[in-house]
Amino acid sequence: MDLVLEAKHINKHFHKPKDFHVLKDISFGVKKGEFASIMGKSGSGKSTLLYILSTMDTDYTGELYLNNQLVTGKSHRELSRIRNKNIGFVFQFHYLLSEFSVIENVMLPAKKLAEKSYVEIERNAQQKLEMLNIGHLAHQKASRISGGEKQRVAIARALINDPTILMGDEPTGNLDSHNSENVFNIFKKLKEEQGLSLLVVTHDEDFANRTDRIIQMEDGIIMNHLVNS
Amino acid sequence: MINWNVILGIAKTHLLTKMKSTVTATLGVTFGIGAYITLVSFMTGLNAMLDDLVLNQTPHIHMYNEIRPSPTQPISQYQGLSKAFNVVHSIKPKQNQQKIHNALPILGYLKKHPNVRGATPQLRAQIFYLSGSIELGGNLIGVDIMEEARLSNIQDNIVEGSPQALKNNTNGILLGAGLAKKMSLSIGDRVQISTVEGNIFPLKIVGIYQSGIAEIDNVQSFANLNTVQRILGEAENFVTDINIKLLNIAESEPMARSLEKQFNIKAVDINEANAQFETGSNIRNLITYAVSITLLIVAGFGIYNILNMLIYEKMKDIAILKATGFSGKDVQYIFMAQAMIIGLFGGLLGLLIGFGLSHLIDNTPFETEALPTITTYPVNFNPNFYVIGIAFALISTFIAGYLPSNKAKKIDPVKIIRGT
């Protein structure tokens, strides 16, 4: 089985205010086309782990592989590029750039990657928006759409470069049940139709129970893997 | 790999959505640069005018016989008393002829010298202007008027008549403006002059000379060199002063020293004669630059503040840009680009405003008795100032933008996104 993302013996300490061992020898992998979720109490280190996996946090020991390539120890510049190309990220808060229109927000990572022409990028962005049923909002200002719509725009932005893995840090944490359901269905559809790998940190047990696998964390250790059938 | 299109696109959007701060910051630079251009153009224009007024009337090197005591008294040369303590009372100046010895060969030598633009002989004579029973003391300077017109700005100072008219009239005189006023004389009238010996000559006024310096205009007139020689009853080689204009003015001092040695004559170079004007010009330049730099520093702080605020406001945007694959450098360039755009536009606008204001000053009437050739305020439209101005604008905005943008570069996206 192909592993899209693999962590080997990851340890992390917080140094302030005093030394604290957050992650203790974490090793696990996400398979291609797998929809995995990480659950755990506040302070169990699940978000910290996710940010290490996302390559944004580089202050750790251990090894991280993305598409079987070692990413640990690469320069910030290379990591930026890897994030840009291979990792889509959805946060609890949408983090859209409020001065830009919806479609510009979606296009931004692709423009940075600069592998396609402007016209292609625009067409792709429109496609992603259509897929998420928000095609009609493309030319609205990002600040003038509803919370659920914003989160879907954020998902479209995460998908624009066709990443290998989509990571979410409580992507439904700020949404009502209707919109949460909506986001979950989108994730499910992405996995089933496009074979996308997903790794989502969540508090929402209903959400987690419907994923392929739940990784349960406590005090910086992975307690067990629950495979849902 | 830096994608300038994206970076400039984001910078542009930031600037346009924050129109008020953008305009404020831009105007800060604009006023700084505009004030610099206006100040420096006006100040250097004034400097040049004042320099012209005084320096152009003085030759680069002025040669004459100085009246002075002998540096070594005869008794010192007597070896028999070399070990004695000699005291000489009431030393008198050395008996010396007024004229320059061998003036014509010296002139010939100077005219062939590679660094000499021209050398003119002059004869200064003490005379009296007679107006009825009143005698006015003064000078009459015999000159080679066409050479003078070529080498100095004497033509500008001839307010009526022309150098040509003097050349064509052997009994002509260019009368000082102050004298003409005192004696109620004008062109075409005759004036009688008397030498120190008491010989009286009538001369015809062919022009009025006004230097703008009252002390000169009240005593000094010009006539042809041989006219003055004739009035004094001297030969054609009787010349009291030689004025030299150089091609390279920086050479004036060493050349004056070497001429002094070569011809045993007093030679004064232009810096020696006008040291105080140099000082004045330097101080005015210093003030100009001090004021301009202060203005630009103030503008720089404005930009620094505005960018700093913008970065605090855009903390989350910066974090998400970094999360989606923009590197720290990219983010830094976004904010640097904003600073530089403000600098460039503000600077260019400042140049325009500076040019406009200079133009306005240049066309403002400024008439004064002292300066007959000046009708408007003097302004120096030197393109170098504009180059310096825009460079100033870009450098100051670069510094003002660098510090905040460096902060943006170092923002840790994880910290912002997790809210810790």
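This is a predicted model: local features need pLDDT of at least 70, side-chain atom pairs count only at pLDDT 80 or more; totals for chains, interfaces and linings use all residues.
## How confident is the predictor?

For the complex as a whole, the predictor reports an ipTM of 0.85 and a pTM of 0.70. Chain B comes out with an average pLDDT of 85, and 97% of the residues score at least 70.

## The open sheet in chain A

Chain A has an open sheet of 4 strands, ordered β2-β1-β4-β5, with antiparallel pairing. The edges belong to β2 (20-31) and β5 (69-70) of chain A; each has a single partner strand, so one side of each has no neighbour in the sheet.

Take a look at the β1–β2 pair: strand β1 (residues 3-14) of chain A is joined to β2(A) by 8 bridges, and the two run antiparallel. Helix α1(A) lies across β1, β2 and β4 (61-66) of chain A, at about 120° to β1(A).

A:Ile214 sits opposite A:Leu226 in β10(A). The two strands make a hairpin with 2 residues between them, and A:Asp219 in the turn has a positive phi of about 50°.

β9(A) also pairs with strand β3 (residues 35-40) of chain A, this time parallel, through 5 bridges. Here A:Met39 stands opposite A:Gln216.

## Nonpolar cores

The largest nonpolar core counts 115 residues, and those with the most contacts inside it are A:Leu53, A:Val106, A:Leu199 and B:Ile303. Leaving aside residues up to four places away in sequence, A:Leu53 touches A:Leu5, A:Ala7, A:Leu64, A:Met167 and A:Leu199. Another core, of 45 residues, lies apart from that one and includes B:Val228, B:Leu232, B:Ile244 and B:Leu259.

## Where the chains meet

The contact draws on 23 residues from chain A and 18 residues from chain B. On the chain A side, α1 (46-53), α2 (76-86) and α3 (102-113) each supply at least two residues. Which helix gives the most to that side? It's α2(A), with 6 residues.

The chain A side of the contact splits into 11 nonpolar, 4 polar and 8 charged residues.

Note on methods:
Residues are numbered from 1 along each chain as its sequence is written. Chains are lettered from A and ligands numbered from 1 in the order in which they are written. A nonpolar core is a set of buried Ala, Val, Leu, Ile, Met, Phe, Trp, Tyr and Cys residues joined through C-beta atoms within 7 Å. A residue is buried if 20 or more other C-beta atoms lie within 10 Å of its own, exposed if 12 or fewer, and partly exposed in between; C-beta atoms are placed from the backbone. Two residues are in contact if their C-beta atoms, placed from the backbone, lie within 7 Å. pLDDT is the predictor's confidence in each residue, from 0 to 100. Two strands pair if DSSP finds at least two bridges between them. Ala, Val, Leu, Ile, Met, Phe, Trp, Tyr, Cys and Pro count as nonpolar, Asp, Glu, Lys and Arg as charged, and the others, Gly among them, as polar. Axes are lines fitted to C-alpha atoms, for helices over the stretch in contact, and angles run from 0 to 180 degrees between N-to-C directions.
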